[in-house]
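This briefing is meant to be read alongside the sequence and the coordinates.

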Amino acid sequence: MSAYDKLEAASRQYEEVCVLTGAAEVDLFTPLTRQPLTANELTAQCQTDLRATITVLNALTALGYLNRIDCGTDDPRYEVAEGFKELLDINSHKNSFIPMLRHRMNCLRNWSQLSTTLKTGKPAERIASMLGAEEDFRSFVLAMNSIGISFVEQLADEMQKAGLLNFKCMLDVGGASGTYTLTFLKRNPKAQAILFDRPAAVQEAEKRFARSEFSGKVRFISGDFETDTLPGGADFAWVSAIIHQFDNAKSQALYKNVYQALESGGTIAVRDFVMDSTHTKPAAGTLFAINMLIGTAAGKCYDFDEIRCDLEAAGFRDVRFAIPAGTMSAVVTAKK
């Protein structure tokens, strides 16, 4: 590929993303997972503009997400293509990718302001979707579940091999809808767990665990780990995809909060991108660092030495790079 072709291809990547995320925000997909519908019928259900809806439906068909059924009329029907139906159904909470698409649209609103951040050094102005800030946060919580279930079993295998799942009680800090809590308990069914997060996230977790065999093994506690004292009683703390939101001082404060909550001899496991010393690898981490640049006041992706220093400043010892990875599933552990 020539330099021109590389730039041309890269500069148009937003197009397909915007088609998907825009359709997800107004939920064009869910009605089409139920039955084939014409553009007129779909417009009536979703309260969208007819011309805009037809244009987007045709693009989604060309991209392979929908099928068009002509039926020999000028008013064709559309349906979600095979393989995408569960993923594009907002009511399929376990596997629905709609929350992630909505979250990506919120990210797009931030990323479009990167040039301003480059000039000012300040994060992008947060712009709520048409669904509102509360629904945006719910989309984020469910999106983390959506992405988590895609790799959590493999991560649990690696955690088990590393001897990290032999805990008596797990504290899931910022546990969202409980993807990791549920998976880790399945590997260690005699254990207990405490899930700590904001009220909206805890509500999603409570609904999820009410339908599981571990409903009586988890305590759900609402709070903010930046300002509230974490609950005690755990010998294993799971801090997953959190520290990238913070600078070193806030990371240390979080670690100190976890340190005070853990039982003596307990383990903290920090899951996140772990960069090399140049902060240019892994490549995915460099792009995520930009996501933090435009989305937070001081967030970043850390290298191992930075994580180690912050953990030791909080009182932890025996810091180890337990699970190396080129993704956000790298894990660093330490002991109290």
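In this predicted model, strand 4 (residues 169–173) pairs with strand 7 (residues 234–240) in the parallel sense, over four bridges. Within that part of the fold, Val173 has Val239 of strand 7 as its bridge partner. The points below place these strands in their sheet and then turn to the helices.

- Seven strands form an open sheet with mixed pairing, and their order is 6-5-4-7-8-12-11.
- Strand 6 (218–222) and strand 11 (317–323) are the edge strands, and because each has a single partner strand, one side of each is left without a neighbour in the sheet.
- On average, and with direction ignored, neighbouring strands of this sheet are turned by 20 degrees against each other.

**A helix across the sheet**
- Helix 14 (residues 304–313) lies across strand 8 (262–272), strand 11 and strand 12 (330–335), and its direction makes an angle of about 145 degrees with strand 11.

**The pair of helix 2 and helix 5**
- Helix 2 (residues 14–25) packs against helix 5 (residues 50–62) at an angle of about 125 degrees, the two axes being 10 Å apart.
- Since angles from 65 to 115 degrees count as roughly perpendicular and those over 145 as roughly antiparallel, helix 2 and helix 5 are therefore oblique to each other.
- The crossing of helix 2 and helix 5 is left-handed.
- Helix 2 contributes Val19, Leu20 and Ala23 to the contact, while helix 5 contributes Val56, Ala59 and Leu60.
- Sorted by class, the contact of helix 2 with helix 5 comprises six nonpolar residues, with no polar and no charged ones.

How values were computed
Residues are numbered from 1 along each chain as its sequence is written. This is a predicted model: local features need pLDDT of at least 70, side-chain atom pairs count only at pLDDT 80 or more; totals for chains, interfaces and linings use all residues. Side-chain values use heavy atoms; hydrogens and water are left out. Two strands pair if DSSP finds at least two bridges between them. Helices (H or I, at least four residues) and strands (E, at least two) are DSSP runs, numbered from the N terminus. Axes are lines fitted to C-alpha atoms, for helices over the stretch in contact, and angles run from 0 to 180 degrees between N-to-C directions. Contact means heavy atoms within 4.5 Å. Angles under 35 degrees count as roughly parallel, over 145 as roughly antiparallel, 65 to 115 as roughly perpendicular and the rest as oblique. A crossing is left-handed if the near helix is turned anticlockwise from the far one by less than a right angle, and right-handed if clockwise. Ala, Val, Leu, Ile, Met, Phe, Trp, Tyr, Cys and Pro count as nonpolar, Asp, Glu, Lys and Arg as charged, and the others, Gly among them, as polar.
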